[in-house]
Number of protein chains: 2
Amino acid sequence: MATATNHFPAAWLKSAGLGETIACELRLAIVNGSIPHGEKLSENRIAADFGTSRSPVREALKTLSNEGLIRLERMGAIVLGMGAREIQELYDVRYTIESFVQERMAERDTGALIRLLEQIIDKMELAAKHRDIVEFSYRDFSFHEAIIAEAKHNRMMQLWKSIRQLVMTVMLLTTEEVFAQGESKVAAVIGKHRTIVAALRSNDSAQIQQGVREYFADSYVTLRNSLPED
Amino acid sequence: MATATNHFPAAWLKSAGLGETIACELRLAIVNGSIPHGEKLSENRIAADFGTSRSPVREALKTLSNEGLIRLERMGAIVLGMGAREIQELYDVRYTIESFVQERMAERDTGALIRLLEQIIDKMELAAKHRDIVEFSYRDFSFHEAIIAEAKHNRMMQLWKSIRQLVMTVMLLTTEEVFAQGESKVAAVIGKHRTIVAALRSNDSAQIQQGVREYFADSYVTLRNSLPED
DNA sequence: ATCGGTATACTTGTCGACAACTCTAAAGTA
DNA sequence: TACTTTAGAGTTGTCGACAAGTATACCGAT
């Protein structure tokens with residue numbers, strides 16, 4: 001990646017505690033490769049870097065461990081990072097969750113959801129016009145979260161929450177790549193979201209499944225081209 | 001449930017820190033209903049109850065929050081608990097994960113896995129003979145975890161880890177119920193595991209999927225009968 | 001009696017300190 | 001030189017304390 005985002009968007013940290021802030025900053029650094037795979041992290045060092053005590057750092061490391069970005073060992077935490085395989089796996093999981101969720105939405109009133117999604121797409125277009133990467137990726141994220149939330153399945157929502165922040169971060173970097181590839185690429189991304197909405201509007205289970213499958217398969221090949229091959 | 005387990009098996013806490021221990025004890029209390037839905041938990045109170053400082057309690061509450069058993073609010077944590085719906089949802093997720101995993105196992109060498117699973121089933125039978133509920137449920141748990149681990153899909157494994165302990169606890173209580181229903185019921189549970197292995201041995205994707213689907217559908221109806229209806 | 005304001009007790013987030021443990025590297029011995 | 005032992009620096013887990021913020025109960029006024 002040419003110019004990777006160096007700091008987590010401050011707007012997204014609006015009402016976040018110290019622990020969450022540190023987690024977001026570290027997460028971004030790990031995902032974009034600033035902190036390389038295999039690095040050994042120490043609570044003391046991170047606390048010193050951020051100018052806090054170890055308590056919030058501890059919380060952050062636990063969070064990152066739950067997200068699978070680091071592995072907590074007896075001494076220090078080892079950075080696992082996100083290579084091509086890990087990104088692929090994340091897409092696998094996202095697909096699995098959305099597939100499950102949309103399956104359950106086939107025989108339900110999706111009117112309100114569809115209106116919300118269209119609204120979000122409008123905001124994506126606006127963000128695209130202004131070349132606002134942060135805003136665009138946030139709306140993209142909201143789009144998928146809105147779909148998942150609509151299923152009203154607490155346990156599945158919990159799974160989503162466990163990867164929510166990670167997905168958000170990956171999307172931020174991905175969107176950067178998409179924007180770098182030019183306007184037509186951005187338009188294509190928006191188009192894919194429209195396709196999802198269209199499938200959803202059909203209310204046909206098979207068509208919805210097909211739509212979701214294509215979306216993720218397509219998203220991944222798009223991304224694959226802009227990944228460091230390791 | 002007639003006689004619910006009151007304490008988390010000490011053997012399962014062998015190398016667990018204080019935080020994890022507290023999390024396990026609270027988890028069990030929430031799942032078996034000792035701590036009712038809606039209860040408000042305070043870090044200070046729990047710390048006093050367990051005779052520790054707030055640090056491990058804090059860690060435990062965060063864990064339980066990640067598992068969706070409680071909701072952290074500005075003041076206190078509210079217990080959400082596991083009613084019939086939550087159990088059903090947990091089974092949904094378990095089915096989704098195992099379905100994904102086994103799908104990927106169709107075209108793979110499952111020889112070693114099958115041998116391991118058969119070994120586990122043997123231990124289940126032994127535990128059944130000795131009426132050892134703790135051992136039995138642990139083997140049952142290991143059975144499913146072994147299958148999931150075999151897929152070697154880190155991200156999916158991470159999802160599993162996020163519900164691992166909860167599943168373990170629910171299984172412990174469920175197994176208690178199964179044993180209470182008599183020897184034939186226990187034998188039936190073992191039989192269902194054999195069916196899974198048989199399906200796996202067939203190496204046929206459709207048959208495996210069918211096997212997994214039946215397993216979870218069946219497991220849930222078994223359980224439903226022994227749940228407080230709320 | 002009801003409503004508004006204040007005091008109070010309780011809550012969380014963060015901090016610095018300490019003991020117990022682990023890895024490392026240097027020093028001593030064969 | 002190769003190996004064991006030992007001293008040291010660094011690490012985590014846990015603790016108690018404090019500030020900042022919040023719900024609650026009490027008290028006064030209308």
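**Close-up views of a predicted model**

**View 1. Strands E2 and E3 of chain A run antiparallel, joined by three bridges.** E3 covers residues 77–79 of chain A. The model shown here and in the other views is predicted. Within this pairing, A:Ile70 stands opposite A:Val79 of E3. The open sheet has three strands in the order E1-E3-E2, paired antiparallel. E1 (40–41) and E2 (70–72) of chain A are the edge strands. Each has a single partner strand, so one side of each lacks a neighbour in the sheet.

**View 2. B:Tyr95 and B:Phe216 form an edge-to-face ring pair.** Across all chains, the count is 15 aromatic pairs. In this one, the ring centres are 6.2 Å apart and the planes meet at 70°; planes over 60 degrees apart count as edge-to-face, so the pair is classed that way. The pair links distant parts of chain B: the two residues are 121 residues apart. B:Tyr95 belongs to helix H4 (residues 84–103), and B:Phe216 to helix H9 (residues 205–224). B:Tyr95 is partly exposed, at 22% relative accessible area. B:Phe216 is buried, at 4%.

**View 3. Ring pairs in chain B build a cluster.** Its members are B:Tyr91, B:Tyr95, B:Tyr215, B:Phe216 and B:Tyr220. One of these rings, B:Tyr215, also has a charge over it: the charged end of B:Lys192 sits 4.8 Å from the ring centre.

**View 4. In chain A, an arginine sits over a tyrosine ring.** The charged end of A:Arg94 lies over A:Tyr91, 5.6 Å from the centre of that ring.

Note on methods
Residues numbered from 1 in each chain as written. Chains lettered and ligands numbered in written order. Predicted model: local features only at pLDDT ≥ 70, side-chain atom pairs only at ≥ 80, totals over all residues. Heavy atoms only, no water. Phe/Tyr/Trp six-rings, centres within 6.5 Å; stacked < 30°, edge-to-face > 60°. Helix = DSSP H or I, 4+ residues; strand = E, 2+ residues; numbered from the N terminus. Buried < 20%, exposed > 50% of the residue type's maximum accessible area, 1.4 Å probe, protein only. Lys NZ or Arg CZ within 6 Å of the ring centre and 35° of its normal. Pairing = 2+ DSSP bridges.
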